[in-house]
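Below is a short briefing on one protein chain.

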Amino acid sequence: HLAVPLTVALATLLATGTGAPVHRQGNRHKLLLVSFDGFRWNYDQDVDTPHLDAMARDGVKARYMTPAFVTMTSPCHFTLVTGKYIENHGVVHNMFYNTTTKVKLPYHATLGIERWWDNGSVPIWVTAQRQGLKTGSFFYPGGNVTYQGVALTLSRKEGILHNYKNETEWRANIDTVMLWFTEEDLDLVTLYFGEPDSTGHKYGPETQERKEMVQQVDRTVGYLRDSIERNHLSSVLNLIIASDHGMTTVYRNASDLVEFHKFPNFTFRDIEFELLDYGPNGMLLPKAGMLDKVYDALKDAHPKLHVYKKESFPASFHYANNPRITPLLMYSDPGYVINGRINVQFNKGEHGFDNRDMNMKTIFRAMGPSFKSGLEVEPFESVHVYELMCHLLGIKPEPNDGHLSTLLPMLHSEPNPLPSGASTHLPSGA
Ligand SMILES: [Zn+2]
């Protein structure tokens, strides 16, 4: 009677995996990471956001999330997909720059500069693909270049004059991403929206225009959830909605603006390369032998300006210890931007400030088959999101600065089975 159990065992094997390795392959959960740029942590507190509220009831909400420093778009987005502080992933600015050639490229051009992004760290798309998954990026910063020669399965890059606030296009983009999951069978997609950042910059965060844009974001969250339902993805897709940083009002008419051209002992003749006029962040490479002279001229030049030699920059920011950072760097207090040779910054809202400032804090929301419902968690740093995403996808993470244990309490202790139940008894393999 030996043959019977063998037959049963064989039948079980065939039914569960048909020879595939004992992973959750074939029914592993998919993951969609959505970023709404510049969504400050409390933007939902002074305007009705029924869809975000419903998502919090059905999933997990962090009170707020602390972004990495500097609180800039590309650096903070790359932290989300690498789990590394900015000094450790090397995308230290929105702008590509080279202190030798003096080349500086704006944000949109930098999105396509492969060597700016591919500088040693491997983001989650590539890690997932190396482990057999398919990934896509829709406008997400860093998703349009190759890493160590590996390109994403699918990616879209916005045009140079892209209109970031067209709600009709937002819905079309969501429709495309749904097709990527259903027809292209992608496992991971990162989807980026340039709002409410643009509106926050243009009008300021404490304005009616910003509130209306938050309502547009909220309608989009509703459309996204309807789309997930309509495409029968609710039980297979985990959804994370996050952002890169907050926004604060700029003191444009203050009597004490930070203006390099008014500092008495400072001259640009001592400077080899400068990166100024970019919100509250600045970098300087003094000419040979001029470092101490320039530092002495700047260190007490303005009470709202904090200038450091690279090696003395506060380690708690995890920012300066990277070869791309110049010998002098600085940041200004909330509300103050750093003006260089002439004043050219006219935004009413800005970010880039100290990530401890509450106005720089941002959002984290999640829901789906792996997440608990109606759970609000304490604030955490954005470096931890990467480990969570790797866990959700069942892939082995690259070395990083986050810890899975920080966000694991958001999840059901056992992976939720799919309706088919085909492999509920299998070990997760992750
Ligand atoms: Zn941003």
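In this predicted model, helix α10 lies across strands β1, β8 (188–193), β9 and β18, running at about 170° to β1. Contact here means heavy atoms within 4.5 Å. Axes are lines fitted to C-alpha atoms, for helices over the stretch in contact, and angles run from 0 to 180 degrees between N-to-C directions. Helices (H or I, at least four residues) and strands (E, at least two) are DSSP runs, numbered from the N terminus.

Basis of the values

- Local features need pLDDT of at least 70 and side-chain atom pairs count only at pLDDT 80 or more, whereas totals for chains, interfaces and linings use all residues.
- Residues are numbered from 1 along each chain as its sequence is written, and side-chain values use heavy atoms, with hydrogens and water left out.

Eight-stranded sheet

- Eight strands form an open sheet with mixed pairing, in the order β7-β6-β8-β1-β9-β18-β2-β19; two strands pair if DSSP finds at least two bridges between them.
- β7 (154–156) and β19 (375–377) are the edge strands, each pairing on one side only.
- From one strand to the next, the twist averages 10°.
- Strand β1 (residues 30–36) runs parallel to β9 and is joined to β9 by six bridges.
- Ser35 has Ala242 in β9 as its bridge partner.
- Helix α2 (residues 50–58) lies across β2 (60–62), β9, β18 (364–367) and β19, at about 60° to β18.

Packing of α8 and α10

- Helix α8 (residues 167–182) packs on helix α10 (residues 208–230) at an angle of about 25°, and their axes are 10 Å apart.
- That angle makes α8 roughly parallel to α10 (angles under 35 degrees count as roughly parallel, over 145 as roughly antiparallel, 65 to 115 as roughly perpendicular and the rest as oblique).
- The residues of α8 in the contact include Trp170, Ile174 and Met178, and those of α10 include Val217, Tyr223 and Leu224.

Four-stranded sheet

- A second open sheet has four strands in the order β12-β13-β15-β14, with antiparallel pairing.
- β12 (271–278) and β14 (305–309) stand at the edges with a single partner strand each, so one side of each has no neighbour in the sheet.
- On average, neighbouring strands of this sheet are turned by 15° against each other, direction ignored.
- Five bridges pair β12 with strand β13 (residues 281–286) in the antiparallel sense.
- Ile271 has Pro286 in β13 as its bridge partner.
- Helix α11 (residues 291–298) lies across β12, β13, β14 and β15 (328–332), at about 160° to β14.

Zinc site

- The zinc ion has as protein donors Asp37 (OD), Asp37 (OD), Thr73 (OG1), Asp244 (OD) and His245 (NE2), at 2.0 to 2.7 Å.
- Donors are N, O and S atoms within 2.8 Å of the metal (3.2 Å for Na, K and Ca); water is not among the atoms, so sites may look incomplete.
- The donor residues follow the sequence spacing D-x35-T-x170-D-H.
- Thr73 lies in helix α3 (residues 73–82) and His245 in the loop between β9 (237–242) and β10 (248–249), so the pair ties together parts that are 172 residues apart in sequence.
- Thr73 is buried, with a relative accessible area of 5%, and His245 is buried at 0%; buried means under 20% relative accessible area, exposed over 50%, partly exposed in between (1.4 Å probe, protein chains only).

Chain totals

- The chain contains 13 helices and 20 strands.
- Of its 430 residues, 55% count as buried.
- Among contacts between residues at least 6 apart in sequence, 74% join residues at least 24 apart.
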